[in-house]
Each structure stands twice: as C-alpha cells, then as structure tokens.
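Trainee: I would like to learn how to read a helix and some backbone angles in a model. Please show me the entry first.

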Amino acid sequence: MDCLFCKMINREIEPDIVYEDDHVLAFNDINPQAPTHVLVIPKKHIATLNDIQEEDLALVGRLHRTAVKLAGQYGFAEEGYRVVMNCNENGGQTVFHIHLHLMGGRQFTWPAG
Ligand code: 5GP
Ligand code: ZN
C-alpha cells in the first residue's frame, strides 16, 4: 500500500518520533503551523474519519489520550492547545491515513488559523 504514514510505521521512512506504543505513533509535522505541531496516528491504516468503524472506537480514544499526554509533557495542557482531524478535500486532508494534529505554544483563532 502506498501510504506515507504506513511507511513511517514500517520505518521505510524515519519520522522524528516523539511517542510510540503498540497502537499509536506520534511525530513532528514536517511543516509546523505552531511552535509544537505533532501528528498522532494509529498504527492501523484507516484512510479518513469517514472510515472509522465501531471496532476502532478505542483506538480513536487512544489517539486523543496520546495528544493530551503529549500536551501535558510539552507544558501547554492548561493554557490550551488545538487538536484537529481534517477529512477529505474540503477539510484539507492531504495524507489519507487518519491523524490528529496536536498544535500548541501559541494562541489560535476560530474559525480560521
Ligand atoms: P492533512 O493535510 O492530511 O490534515 O495533514 C497532513 C500533514 O502531514 C501536514 O501537516 C503535512 O505537513 C504533514 N506531512 C506531509 N508529509 C510529511 C512528511 O513526509 N513528514 C512529516 N513529518 N509530516 C508530513
Ligand atoms: Zn496508512
């Protein structure tokens, strides 16, 4: 399967890893949009948010718990941060293996930026 993030999980490509366990991998985004910008991905290939199944609910919870744990380690859990999952074209998704963007270290605006 020609998936960039699966290649990282298989170490065909070496990402800048910040956390790994049996289910989840987290690494620094190559084009950071904040002082901290980490991608948290499941080791299971799931293409988009639309493809999450009932059996994946615990895994999706793990993605979020990992983001929270990392936010604590980076020291911005209390001041706040942003977690985003983009879906398909209008959502701005460019890599079709689900990932949480964990961004922290600056003020974010809503709905843009
Ligand atoms: P999306 O647009 O799908 O929500 O997010 C994809 C993210 O993957 C983008 O923030 C982009 O910068 C990041 N990205 C794309 N290619 C690479 C890569 O080769 N290495 C890393 N670390 N991040 C990547
Ligand atoms: Zn994949």
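Trainee: How many residues has helix α2, and how far does α2 reach?

Mentor: Helices are DSSP runs of H or I with at least four residues, and strands runs of E with at least two, numbered from the N terminus. The expected span is 1.5 Å times one less than the number of residues. Helix α2 (residues 57-74) has 18 residues and reaches 26 Å from first to last C-alpha, close to the 26 Å expected. This is a predicted model, where local features need pLDDT of at least 70, side-chain atom pairs count only at pLDDT 80 or more, and totals for chains, interfaces and linings use all residues. Residues are numbered from 1 along each chain as its sequence is written, while chains are lettered from A and ligands numbered from 1 in the order written.

Trainee: Which residues of α2 are buried?

Mentor: A residue is buried if 20 or more other C-beta atoms, placed from the backbone, lie within 10 Å of its own, exposed if 12 or fewer, and partly exposed in between. In α2, Leu-63, Thr-66, Ala-67, Leu-70 and Ala-71 are buried. They cover an arc of only 135 degrees around the axis, by the directions from axis to C-beta atoms, which puts them on the same side of α2. On the other side, the exposed residues include Arg-65 and Gln-73.

Trainee: Where is a cis peptide bond found?

Mentor: Most peptide bonds are trans. The bond from Trp-110 to Pro-111 is cis, with omega near 10 degrees; Pro-111 is in the segment after β5.
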